[in-house]
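Subject: Structure for your review

Hello,

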Amino acid sequence: MPESSAENPVPLVVDLDGTLIKTDLMWESLASRLQRNPFAIFGILFWWTRGRAFLKERLGKRVRLDPATLPTNEKFLAWLREQKKSGRKIVLATASDFQMAKPVADYFGIFDEVLASDGRTNLRSENKLKALTARFGERGFDYAGNSSADLAVWRGARRAIVVNASREVQKKAKEAAEVAMSFCEANSSLATLKRFLNELFLRSGYLLAVLAGLLLAASFPKVDFAGGAWIAPGLLVFAAQNKRGGDAFRVGFIAGLSFWLASLYWLLDIPYQWHSIPLGPGVGWLALSTVLSLFFGTWTWLVSSQRGISRFWAGRLMWSLAGAGAWVALEMIRARLLGGFPWSFLGASQFKMIPLIQIASVTGVYGISFLIVWTSLSLYSAVRMVFAMPHSRFAWQPEVFPPLFAVVVLFAWGEIKVNEPVSTTTTIRVALIQPSIPQDLIWDENANSNRFQQILELSEGALTNQPDLLVWPESGVPNFDDSTYAAITNLTGGHHAWLIFNADDVIPRPNATNEYDNDYFNAAFLAGPDGRLRFRETYHKQKLVMFGEYIPWVNWLPLVKWFTPITGGYTPGSSAMEFNLENLQATTSPLICYEDMFPQTGRQAAASGADFLINLTNDGWFGQSAEQWQHKTCAIFRAVENGIPLVRCCNNGVTCWIDSKGRQREVFRDDNGSVYSAGTLIFDLPIEKHVTTFYTRYGDWFGWTCTGIVLVLLGFKMAQR
């Protein structure tokens, strides 16, 4: 064993992670990488499968940490500097990658040499001992370490220096080697994890972003905490405070991802599995949530880039108005891009605030979204003013007065509107059939006969109440063949009732060359009380569900067809269709599936002068979940926007009707109170004297105005740069 002397002391080898610094460079690098780019998690997981050394090498190439921010044991660092002054050789030996360790060694300026992992070998424990023994000889070095991984190195060292170690490690270190020095401050084994989480979630703003997203999700069914919607946008801006560009975008993206993953969990209930794993639904859940989260990221980026104008009250007011307009503009785009997905617009969270939502008859649901975001950003400004001017008791009041005044005025106007007398021209008795057929049975051709018989039996029972109109939900008719046609016409003709039902419609294409050259439509049909079908009044669904009714990009990406249960695709319809119920002196326009989510589609259906809208939908895809309630919540606004009732006939909930003010009048429930089971809902629908609303007449004028203003402001901002 080499002897040490004052003239020739043995080298002092110092561990880095947990010893020189009170943290771990790998975890610090992971936190920094994920903070900058949350999507990097996928690459990180792949690198990890190839070993820790490979992971550290990849992180070392992509992450540059500031050594000045790393916590150290100051007493130990001072002792190292004394050893350096005495002429002793000091070596940094670490399991961290060389690319990470070298900048740290250079920063402290006391190391003569750096030994580190290199992408192939993880320089830890036995591997570290082998490298040190090869470099300095057996027991030719003293070693400073902190963890159980260092015990193997201490056993091969001349002496041990114990730093930042637990009591158990200190005890084992004495058994492994002679302990020359100990620098063990109170140090929690969870300190590295705490610092990692603090860096990743607190300093980055991600934790607050997640909370904002979850709070927003809680404002929709089934939690129905409507107040959360008024807080979440402001909380999101607070999470992105002092951030610009990509950093602000990432904070918004994380908020959006938490919101959509929580809100759309029911996609995992789609009964399409691979070896009992919902692979396709899972991929769809993650992909859709990711795409929709881009809108949150964009909004946060836009709002953060404008916050510099908030020095004066007028500037802060304009900033909050512009932020609200930007939210509306992005909702407008979301309702249209790639076919549109207008699910859970912010304004829809206030569906229970009946007086407030009456403004939708003028602005559409977008006006309520605008009001919520404006108020939330004003509350954020108010909180900032409280801290900026702590000695002024009233500094916050000018911030919140404009939006609160608008809320009060709109509430008062809405209350008057809700209590206006309604002139009814006639009443129609309606029977809605809810068969509650599981989706896997709908896909099972062997079950077609039984499930059609079930809907006929439910209808026969409902017809004993002599309804004027019978309604079946989407997917109620398995195959529209001759026997089905006969059963339907016999049913309506025998009971002298109208029937609206859903089935596939097949139309030969122009210049078709064979019997298979057809267009297939998801359609709504009208059968009259005379036992005849009104084929000229067939409605073809316009808004098709991606991966449910058609497969996008399948010609370029054939692989995507393996993630969906459908094998073909429908053709979209081109226009709304009015069903004329002649002897009832009423007209209606059908909407199929989630078309009642689209403001523009609902307006188009109502624009012809329909007395009420009727939605035929099958939400059985999603089991018994919050999806049915979220769907109904958003659909409520089509009634308010167009000032006419909405009747919803669903496969497994929520079958109901909603009046022209957005009030939920009657809902089907079984004897146990469930909305998901099979049964019928029979009610008298008042046909009101129709008055065309401002929204029906002029459409999304408010949304397009917001979009235009935001584009002008954005263009002006970019021109300034």
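Two strands count as paired if DSSP finds at least two bridges between them; strands (E, at least two residues) and helices (H or I, at least four residues) are DSSP runs numbered from the N terminus. This is a predicted model, in which local features need pLDDT of at least 70 and side-chain atom pairs count only at pLDDT 80 or more, while totals for chains, interfaces and linings use all residues. Residues are numbered from 1 along each chain as its sequence is written, and side-chain values use heavy atoms, with hydrogens and water left out.

The sheet: six strands form an open sheet in the order β3-β2-β1-β4-β5-β6, with parallel pairing. β3 (113-117) and β6 (178-183) are the edge strands, each with a single partner, so one side of each has no neighbour in the sheet. From one strand to the next the twist averages 20° (angles run from 0 to 180 degrees between N-to-C directions, with axes fitted to C-alpha atoms, for helices over the stretch in contact). Strands β1 (residues 12-14) and β2 (residues 90-97) run parallel and are joined by three bridges; Leu 12 has Ile 90 in β2 as its bridge partner.

The helix pair: the axes of α16 (residues 365-388) and α17 (residues 397-418) come within 7 Å and cross at roughly 150°. That angle makes α16 roughly antiparallel to α17 (over 145 degrees; under 35 is roughly parallel, 65 to 115 roughly perpendicular, the rest oblique). Among the residues in contact (heavy atoms within 4.5 Å) are Leu 371 and Trp 374 in α16 and Val 407 and Leu 410 in α17.

Regards
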